[in-house]
Each structure stands twice: as C-alpha cells, then as structure tokens.
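Student: I have a structure to go through with you. Can we take it piece by piece?

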Amino acid sequence: MLIAADKFKGSLTAVQVAERVTAGLRRVVPDLTVEALPVADGGDGTVDAAVAAGFERREMRVAGPLGQEVTAAFALRGDTAVVEMAEASGLQRLPAGVFAPLTASTYGSGELLRAALDAGARTIVFGVGGSATTDGGAGMLSALGARFLDEDGDPVSPGGGGLAGLARADLSGLDPRLSEVELVLASDVDNPLTGPKGAPAVYGPQKGASPDDVEALDAALAHFAQVLESAVGPRAAEYAAAPGAGAAGGIGYGALLLGARFRAGIEVMLDVLGFAPALERASMVITGEGSLDEQTLHGKAPAGVAAAARAAGKQVVAVCGRLALPEEALLRAGIERAYPLTSVEPDVARCIADAGPILEDVAERIAGDWLV
C-alpha cells in the first residue's frame, strides 16, 4: 500500500496524514506493508514533503513578506534543492488577520534561492504558491542582485504597489551562478501576469486586495513588464503572457526572467520525491488532500498522483476532509472512491479539530472495503 497524500490544510501535514492513515489501516490488517510518500504540488508543504523523502532540511533567517525576519527552510539532496516561496513569502508569514496586498515583498524568497546556490545546488525546484505577495517577483530579483529604481534613482518601495513608480530596471547585477543552474518553476496554476486571468485579478482578493487594489496592482505589474522590456528586450513581454507568469502573485514572471522552465508542480515533485519506483512496489494507492473539489482536478496533488497511478494500472482511493466532486468526476480523474471525514463525523468543525482520529476511522473503513 502506498500513501501519497497532500496536507489537510489547517489540520494535518502530509506526514501526519500518512501516519494516521497507516494507523487506521493496521487496525484491520496489522501486518500490512505500507509505504508513505507525502506529496505536495509546489505550494506550502513542499519542503516538508521533500524532507520526508530524504532531503536535508536547511534553515536560515530571511526577510518575511513585510520585511520582518523569519526562519525559513529549503531542502537539499546532493546538488538538487527544493525551495518553497511560501516558506519566506507565504500568507502564513503574516500576522493573524493582517494582509498587505500592495506592500508584501518576495525578497525573502530570493534570499532562499541565493542560499540554495551557496549550498552548491545545480538544480533548483522552485515551488510557488500560497503567497502573501503580488510583486511580480521584483523583491526576489532584488535579493538576487537586480535593481529597480524610481525617477530619482532610488529603489522603489517594496511590494507590487511600489512598482507603479518604477522608472528603470537594471538586471546586470544578477547573481552569475543563476545562468549555471537548472531552475524549474513548479506551480499548479498557469495564469499570465496581468489581465482578467492575471495574478491580481484572480488571486489578489485572497490576499486582501480590494477592487481598487486589484486595479492598481494590475496596472503596476503591466508597467513593471513594460519597463523590463527596456532592460531585457521583447522577452519581457513574452514572459508576462506565458503560462505560470501569474503564479504566486507574479513571482512566476520573475522566475521566467531568470530562465526558469515552467512545469506542473505535482509532476515535478513526483519526479523529485521518487514516486515512480514507490508506485511500482505498490498494489494500491491512497491519495488525498483537505478538500477534493473542482480545483483538485486542475493540477493539484491528488489528481497528479491518480493520473500516474492509473497509467501504471494501480487502484486509487482518496481521503479528504470535504468532498465536493461527483463520483463521475472522481472516476475520470482515476480515483475509484473518495472517503471524506464528514462520512464519519458530519460536524465540519469537529472534523477540522479532530482530523487525526477521524482520519484513522476513515482508513479503517478503507481497509474493510478494499483489503479484507
């Protein structure tokens, strides 16, 4: 049995999900062979998944989204690093109830990338998602040596709002080691930088942006791309329209400017985590995440796991906190059946508070249905 599930956000990490499912299965089949491979799609939890797969956790102090120092981590194995932008610049780095859509910066994410270079990484998987920021990756690029100046030659203010005052971009000081590494942009979204499907319009409201803020951020990011054309040529406009440019408040755009290759986050992570050999050893796969819904079908971890498992001819079932997909959608995705916590405990608040024990009960049901 292979357990390859993502986190239940706000309740259980991916590692804890695997532990609880294992415990529940073994109540019914005590000698069951279980292999756990916690997964992530590039968003928050990506470094934890890499560490669970055998990468070394490296911690350092970097700038948080508001400039305050935070302890963030990346993962390293050999010359491959996994860097998660949410570790430095994620919503979880903001004080409770505080949003900063115009001023939050990705500077700390750039510091994490620089630390991976210092550690000798030759391949960097840059997982983006869960960001507090909408700065087009300007902060990240600044931490790596770029300069973004206003009319007076002073650095523009941090955050997407500050880019409205950008007069000149200078990328000549970027860390030269960036040209020698393979940088992979791992994301589960393929939005462009600006416009109706761009980063501010689609994701800005989740970060506290009002309609006026969204309009201001969209204009500022469009201006950012326009000024960058003077610095790097027409590819600045090409990258702004490219899939993934709008990921994590536009940090995808900054990564593309650094030469990153965009790939679906779950596909990258399954490669990095060694999913294929684990799948080969498995007779059946359990995947899942907190909410199985329409978003799951668009590049989220369970859909990626199920697609790979189906291609290998393996049965897949899923666990989740909440199920919002009809049976036919699950079957199309390669998931034969889903087991929500609410099937055991109808009270959603209790499911969130007591997710661990309830998930063990759910796993017990799975064992009864599929293993006995």
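Tutor: Start with a term: two strands pair if DSSP finds at least two bridges between them. Helices (H or I, at least four residues) and strands (E, at least two) are DSSP runs, numbered from the N terminus. This is a predicted model, where local features need pLDDT of at least 70, side-chain atom pairs count only at pLDDT 80 or more, and totals for chains, interfaces and linings use all residues. Residues are numbered from 1 along each chain as its sequence is written, and side-chain values use heavy atoms, with hydrogens and water left out.

Student: How many bridges join strand E1 to E2?

Tutor: Two, and E1 (residues 2-3) and E2 run parallel. Ile-3 has Ala-36 of E2 as its bridge partner.

Student: What is the strand order in the open sheet?

Tutor: The order is E2-E1-E11-E12-E13, five strands with parallel pairing. E2 and E13 (337-340) are the edge strands, each pairing on one side only.

Student: Where is Pro-38, and is Pro-38 buried or exposed?

Tutor: Pro-38 sits in the loop between strand E2 (35-36) and helix H2 (46-52). Pro-38 counts as buried because its relative accessibility is 7%; buried means under 20% relative accessible area, exposed over 50%, partly exposed in between (1.4 Å probe, protein chains only).

Student: Which residues is Pro-38 in contact with?

Tutor: Contact means heavy atoms within 4.5 Å. Leaving aside neighbours within four places in sequence, the contacts of Pro-38 include Ile-3, Ala-14, Ala-49 and Leu-273.

Student: Switching to Thr-134: buried or exposed?

Tutor: Thr-134 counts as buried because its relative accessibility is 1%. The residue is in the loop between strand E6 (123-127) and helix H5 (138-143). Beyond four places in sequence, Thr-134 is in contact with residues including Pro-101, Lys-207, Leu-217 and Gly-249.

Student: At what angle do the axes of H1 and H15 cross?

Tutor: The axes of H1 (residues 14-28) and H15 (residues 355-370) cross at roughly 45° and come within 7 Å. Axes are lines fitted to C-alpha atoms, for helices over the stretch in contact, and angles run from 0 to 180 degrees between N-to-C directions. H1 is therefore oblique to H15; angles under 35 degrees count as roughly parallel, over 145 as roughly antiparallel, 65 to 115 as roughly perpendicular and the rest as oblique.

Student: Which residues make that contact?

Tutor: Among them are Val-17, Arg-20 and Leu-25 of H1, with Leu-359, Glu-360 and Ile-366 of H15.
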